[in-house]
Amino acid sequence: MDGGALTDTSLTDSYFSTSFIGMNGFGSPVETKYPLIQRMTNSSSSPSLLNDSAKPYAGHDPLTSSASSLFNDFGALNISQRRKTPNPTASEFIPKGGSTSRLSNVSQSNMSAFSQVFSHPSMGSPATAGLAPGMSLSAGSSPLHSPKITPHTSPAPRRRSHTPNPASYMVPSSASTPVNNPVSQNPSSGQVIQKETVGGTTYFYTDTTPAPLTGMVFPNYHIYPPTAPHVAYMQPKANAPSFFMADELRQELINRHLITMAQIDQADMPAVPTEVDSYHSLFPLEPLPPPNRIQKSSNFGYITSCYKAVNSKDDLPYCLRRIHGFRLVNTKCMVLVDMWKKIQHSNIVTLREVFTTKAFSEPSLVFAYDFHAGGETMMSRHFNDPNADAYFTKRKWGQHDGPLPRQHAGLLPESLIWAYIVQLSSALRTIHTAGLACRVMDPTKILITGKTRLRVNCVGVFDVLTFDNSQNNNPLALMAQYQQADLISLGKVVLALACNSLAGIQRENLQKAMELVTINYSSDLKNLILYLLTDQNRMRSVNDIMPMIGARFYTQLDAAQMRNDVIEEDLAKEVQNGRLFRLLAKLGTINERPEFQKDPTWSETGDRYLLKLFRDHLFHQVTEAGAPWIDLSHIISCLNKLDAGVPEKISLISRDEKSVLVVTYSDLKRCFENTFQELIAAANGQL
């Protein structure tokens, strides 16, 4: 590239544009002359209406012109007026490109000193000193643009984490930005010294980002790319929406949100307390047992109930498993609870805390777990069909056995069973490595979310309920025995899945169940079940079944990565929608406002009139026949161009069709920002 020394006359707003930031937003052809440095995008953690888009594009006013918005912004930020402390009321951190006019605020002696340290031709002397291409001297253009969360790190780590320049992938990694300057430069460096001011501290660093090659043209506003080929050919549905996520995924997420936000009417369910310890908004996840119930849980030996609740300490939803009528006598079992808290695994529901309470009008022990909305037990998913046990039930005299169940015709596909085996064995491996035992490997305590995602639930409950005084000296004394029982329980779960019936794991039906497995499934699955259910003369480990799983592990890994590709593609469709919504929200606060500052015609005059016509251009288009012309791509494209402030011209026609105004998106963006800032100032009582 031939980026020479920059002068005030050659610099316009277009050079300092931040519209290059974001997805596919990297400048116009006329600006490829100068190497660009990628800047931080808007923070997703602060979706403020004040300054969410802020991607000024090329204006046509010189930098030193009073009409230049960039000149006005920079004029308000001299050294004496800069904030030396963090500004907690600002919205986001959006570094903008600096200008040579800002160098007047830096002493000549200091610049000379830096010139000796950083031998860069563009910083040799004040006369020829200009900002290196892409150099930024400002952390924001005005108090409304300054950061809500002040950065606490230098630019170096942030440059390693922000969005990379797409041109970097098109040039060799050893490429550098050449600078044509009369002053000689070390050929081994070939790099640009960048300067950036963050929170009152000025950083100098070397920009090693390769510059775009000559002839590269990137879109100058946000666009929606097509679906990636590896995802497009993967999806079975050809009519999937192009701008939004798949309907199936959306419905699943909506169902999770509904369950997470569900509440009860306290008048209809007075037995549910309003608050338990630090948890509130309890919602039963299972039918509540009757008050006079005598039958106890077949798993724990106590009456249990389950609730969704919100923790007042962090405002996050949790699942509370209540053990009715249990008095905790020995607190030394909390050693095991602390060990369970440290386990974090994708196939285990994490235990957060255990506490006792009398909020339910009787002593109760409560286990708090992570809440996974929309989860259902393996029992309800696969063993809820009463006809599934027909193959194992005894026939009356003269009746014949029904047809033998087959895969996809009464039995689960083997690939699904192996997917469950991989996840359950992974959970057991983590638990056993931590020196603990699962002890709840049961279809009623295994949660399924989505299609095939498993999580082992209610871990640690048995460790508390069955703890006795004999374990005071060594709470882990019986863990080896419990771990062997976990392997047997895993074998029973796999056999029940292969038979698609809990009757198959009963002792009198084991032979018939194994014959069914031998006929319908591979020998590896049969051998795995036999190994888990057969007593061995030695201590077994969950690692022993890894050779039986074999290459099927890679199949599950490939399926998980393909699923991740699909979800990332759906996320890419939604990544810009929040920005466009906030843009429409700002526009909606301006258009058709009945009165402002006691002026009923405020929204119909001046800059607001242009925005009104632009709103008609967005939503009120008609065909030649006068029918409404509705095109979502037109709306999205126009909003993206407005957000970036591109120099493209559009024709705005008045409603009486007597006036035609030709304006650029850059002009509309300037009107839009000024008008919205006027509303913000009035809302804050500054007018």
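The pLDDT is the predictor's confidence in each residue, on a scale from 0 to 100, and for this protein its mean is 74, with 64% of the residues reaching 70 or more. Over residues 1-189 the pLDDT is below 50, although in the model this stretch has 357 contacts beyond near neighbours in sequence, a contact being heavy atoms within 4.5 Å. Where pLDDT is low, the predicted coordinates should not be read in detail. The structure is a predicted model, in which local features need a pLDDT of at least 70 and side-chain atom pairs count only at pLDDT 80 or more, while totals for chains, interfaces and linings use all residues. Residues are numbered from 1 along each chain as its sequence is written, and side-chain values use heavy atoms, with hydrogens and water left out.

Helices (DSSP runs of H or I with at least four residues, numbered from the N terminus) include α17, which covers residues 632-644. Among the buried residues of α17 are I635, I636, L639 and L642, together with K641 and D643. The cover over the buried residues of α17 includes α15 (577-590), α16 (606-619) and α18 (665-683). Just after α17, G645 takes a positive phi of about 70 degrees.

Side chains of opposite charge can pair when their charged atoms come close. A salt bridge is counted when a side-chain nitrogen of Lys or Arg lies within 4 Å of a carboxyl oxygen of Asp or Glu, and by this rule the count comes to 20. In one of them, R381 pairs with E376, the closest N and O atoms being 2.5 Å apart; R381 is partly exposed at 28% relative accessibility, and E376 is also partly exposed, at 29%. A salt bridge also joins the side chains of E604 and K612, at 2.6 Å from N to O, and here E604 is partly exposed at 30%, whereas K612 is buried at 11%. Between R615 and D616, the closest N and O atoms of the salt bridge are 3.5 Å apart, and both residues are buried.

Definitions and conventions:
Buried means under 20% relative accessible area, exposed over 50%, partly exposed in between (1.4 Å probe, protein chains only). Helices (H or I, at least four residues) and strands (E, at least two) are DSSP runs, numbered from the N terminus. The expected span of a helix is 1.5 Å times one less than its number of residues.
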